[in-house]
Amino acid sequence: MAACAGGLAGWQHLNDDESAPAARTVLSVLSETASRSDVAAPSGALPPNAVVLAVIDGDTMDVDLDGRRATVRFLGIDTPEKTGGYLPAECGGDAATRRTSELLPPGTEVFLQRDDEPYDRYDRLLAYVYRADDGLFVNRYLVLDGYAATMHFEPNTHHRAVLDAAQADARAADRGIWSDCGGPDQPLASAG
């Protein structure tokens, strides 16, 4: 994915003194450390910095970043595995993939916001994902509606409190995986 670095103009990062995102390239923020966990998520329409090419599963998509294809893994959440994927299917996986596809069909402009570490061990870009036209915080929405559970890896935890609150709400209201599956990471029941 190193080849994508040149196409990441507009990639967003929150510094301690920013209440709203400011444009920077990934290369200029790789060494910065964000120490606050209470940074507010942006709201309202946002300037797009990527375009959805395809949804891979509930928490992964391919985007166009300045003419280059990049795979993005949504930060702070984990959706169940879909059928036909690399890992065994889990209860709610196909529903999560469908919902993410409905929220982010190909051609949707998105605003990607990074945290401290820009890539995971699979060289996927790690990002909080917002729909640019209305500012919908997709990661939060998927948790709030029960399509995903929270999954935090230090140091990428800027929106931990927001996502944890969404999960508490989804569990209390018995939405999605909480009612249909009894929680996350439940194997898909085999037919027959």
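Okay, let's start with Thr 60. Leaving aside residues up to four places away in sequence, Thr 60 touches Val 55, Thr 71, Val 72, Arg 73, Phe 74 and Arg 124, where contact means heavy atoms within 4.5 Å. Quick word on the source: this is a predicted model, so local features need pLDDT of at least 70 and side-chain atom pairs count only at pLDDT 80 or more, while totals for chains, interfaces and linings use all residues. Residues are numbered from 1 along each chain as its sequence is written, and side-chain values use heavy atoms, with hydrogens and water left out.

Back to Thr 60. You'll find Thr 60 in strand β4, residues 60–65; strands (E, at least two residues) are DSSP runs, numbered from the N terminus. Is Thr 60 buried or exposed? Thr 60 is buried, because its relative accessible area is 4%, and buried means under 20% (exposed is over 50%, partly exposed in between, with a 1.4 Å probe and protein chains only). Its side chain also makes a polar contact with the side chain of Asp 59, at 3.1 Å. A polar contact is a pair of N or O atoms within 3.5 Å; within protein, one must be able to donate a hydrogen and the other to accept it, and residues adjacent in sequence count only if both atoms are side-chain atoms.

Now look at Leu 126, in strand β8, residues 125–131. Leu 126 counts as buried at 9% relative accessibility. Leu 126 and Arg 73 are 53 residues apart in sequence, yet 5.0 Å apart in space, C-alpha to C-alpha.

Next, the rings. How many aromatic pairs does a search of the whole structure find? The search finds 3, and rings of Phe, Tyr and Trp (its six-membered ring) pair if their centres lie within 6.5 Å; planes under 30 degrees apart count as stacked, over 60 as edge-to-face and the rest as tilted. One of them joins Tyr 130 and Phe 137, stacked, with 4.7 Å centre to centre and 20 degrees between the planes. Tyr 130 is buried at 0% relative accessible area, and Phe 137 counts as buried at 7%. Together, Phe 111, Tyr 128, Tyr 130 and Phe 137 form one aromatic cluster.

Key
Helices (H or I, at least four residues) and strands (E, at least two) are DSSP runs, numbered from the N terminus.
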